[in-house]
Amino acid sequence: MTKRAVLALADGTTFEGRAFGASGETVGEVVFNTSMYGYQEILTDPSYVGQIVTMAYPEMGNIGANATDEEAGLPHAVGMVVRSLTKTPSNWRSQETLDAYLARHGRVGIEGVDTRRLVRHLRTHGAQTGIISTENVSAAALSERARTAVGMEGLDLATGVSCKEPYVFTTPSPDVFLAPGDKRPEPELKYDVIAYDYGLKRSMLQYLVDVGCRVTVVPSHFTAEQVLAKKPHGVFLANGPGDPAAVKGADRTVAALLGKVPVFGICLGHQIMALALGGRTYKMKFGHRGGNQPVKDLTTGKVEITAQNHGFAVDDASLKGKAVVTHINLNDGTVEGLAVPDARAFSVQYHPEASPGPHDARYLFSRFATLMAGS
Ligand SMILES: NC(=O)CC[C@H](N)C(=O)O
């Protein structure tokens, strides 16, 4: 028998639905993602720690779940909201249903929700804390608890998901991503790269390996001296959850590296690089999450369709005289990329590894390799 579930938002709005995944209760910032596919990559992206993801596209679970499409070893999103959950997946790579996958990992989901109403509500009133419950509690009581729960601002979530010890990563992207009949040339690993793990997605490391990097992944508290002692060709700053301004010591560490070694940052890494340069970040009303965000490269005039997942952004005015804004979002004009050419450093707010999403921006991994080749 299907079990009833409730989603209650901090502002008192409530949604009825059916439970899937694990039973129980989950609290998080309720956000929405407009990708039509790739729910497993989205759920396992550690940037979603502390967030309940609403999928705007109505049909979810249709390709099931498999181990290759994970961006980390478990779903990091604390809950999932969908319109219609497929019970019988149909895909040759499927190993289990989305329902079983979430249940196995103790993640609570709600389906049968009017997600069009929910997404419009979040766009109008902003992302906010919510609770999904499969217990028999009143929706009003849940809303009240959501109202008093802590929000995202000021939360250092990256330090919690960062690796505890350094490790070396040399695995290229999986062959299943190749076109049929294509063979991948063995990459020659010419560049030693230190990757700061603020909550990284596995595919970023795979694409760094694809362009010739031997990657040493280090915890977020690794010092600039420890990095420089390893004499890397470059430093990579990964994505991650929470408020960039709250990641302990990260801005000072990156400031000490800038100018000494080529630096490439993605998402949280981009925001931390901006802070290291003396810039400022702020919380957006509902963020950018999906696979259809148009970004203009101001240096070439080209537009890329990008994958994104962020709720904070870099304040463009705060970068004046400190960095060049290289990319902007065409929907709302926000900063999507910056560069400090003299320091051989650049970063993007969007996700060039996509996963899921269009691959327009994957060339940025090669751009990092070129920067290291010239250093
Ligand atoms: N994907 C990310 O790295 C997200 C960065 C940050 N946590 C934000 O929400 O803006």
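Let's start at Cys-267, which sits in the loop between strand E14 (263-266) and helix H9 (268-276). Helices (H or I, at least four residues) and strands (E, at least two) are DSSP runs numbered from the N terminus. The model is a predicted one, in which local features need pLDDT of at least 70, side-chain atom pairs count only at pLDDT 80 or more, and totals for chains, interfaces and linings use all residues. Residues are numbered from 1 along each chain as its sequence is written.

**The annotated active site**

In an unreviewed entry, UniProt lists Cys-267, His-351 and Glu-353 under "active site". These residues span 87 residues in sequence, yet no two of their C-alpha atoms are more than 11.2 Å apart, so they gather at one spot. Please keep in mind that UniProt positions follow the numbering used here, feature names are shortened, and annotations may be inferred rather than shown by experiment.

Glu-353 lies in the loop between strand E19 (345-348) and helix H10 (363-373). The table puts two of the listed residues side by side. A residue is buried if 20 or more other C-beta atoms lie within 10 Å of its own, exposed if 12 or fewer, and partly exposed in between, with C-beta atoms placed from the backbone. Contact means that two such C-beta atoms lie within 7 Å.

| Residue | Other C-beta atoms within 10 Å | Contacts, leaving aside neighbours within four places in sequence |
|---|---|---|
| Cys-267 | 29, buried | Ser-47, Asn-239, His-310, Gln-349 and His-351 |
| Glu-353 | 25, buried | Lys-201, Ser-203, Met-204 and Tyr-207 |

**Helix H9 and its partner**

Helix H8 (residues 250-257) packs against H9 at an angle of about 75 degrees, with their axes 8 Å apart. Axes here are lines fitted to C-alpha atoms, for helices over the stretch in contact, and angles run from 0 to 180 degrees between N-to-C directions. That makes H8 roughly perpendicular to H9 (under 35 degrees counts as roughly parallel, over 145 as roughly antiparallel, 65 to 115 as roughly perpendicular and the rest as oblique). On the H8 side, Ala-250, Asp-251, Val-254 and Ala-255 meet Ile-272, Met-273, Leu-275 and Ala-276 of H9.

Seven strands form a closed barrel in the order E1-E2-E8-E6-E4-E3-E9, with mixed pairing; two strands pair if DSSP finds at least two bridges between them. Neighbouring strands of this sheet are turned by 35 degrees against each other on average, direction ignored. Helix H3 (residues 115-125) packs on the sheet, touching strand E2 (14-21), strand E3 (25-33), strand E4 (51-55), strand E6 (79-82) and E9, and its direction makes about 125 degrees with that of E4. Helix H4 (residues 139-148) also packs on the sheet, where it touches E1, E2, E3 and E9.

Strand E1 (residues 4-9) and strand E9 (residues 128-133) are antiparallel and share four bridges, with Leu-9 bridged to Gly-130 in E9.

E6 runs parallel to E4, joined by three bridges, and parallel to strand E8 (residues 108-111), joined by four. Val-81 in E6 stands opposite Thr-54 and has Ile-110 as its bridge partner in E8. Gly-79 and Val-81 point one way from E6, Met-80 and Val-82 the other way, and all are buried.
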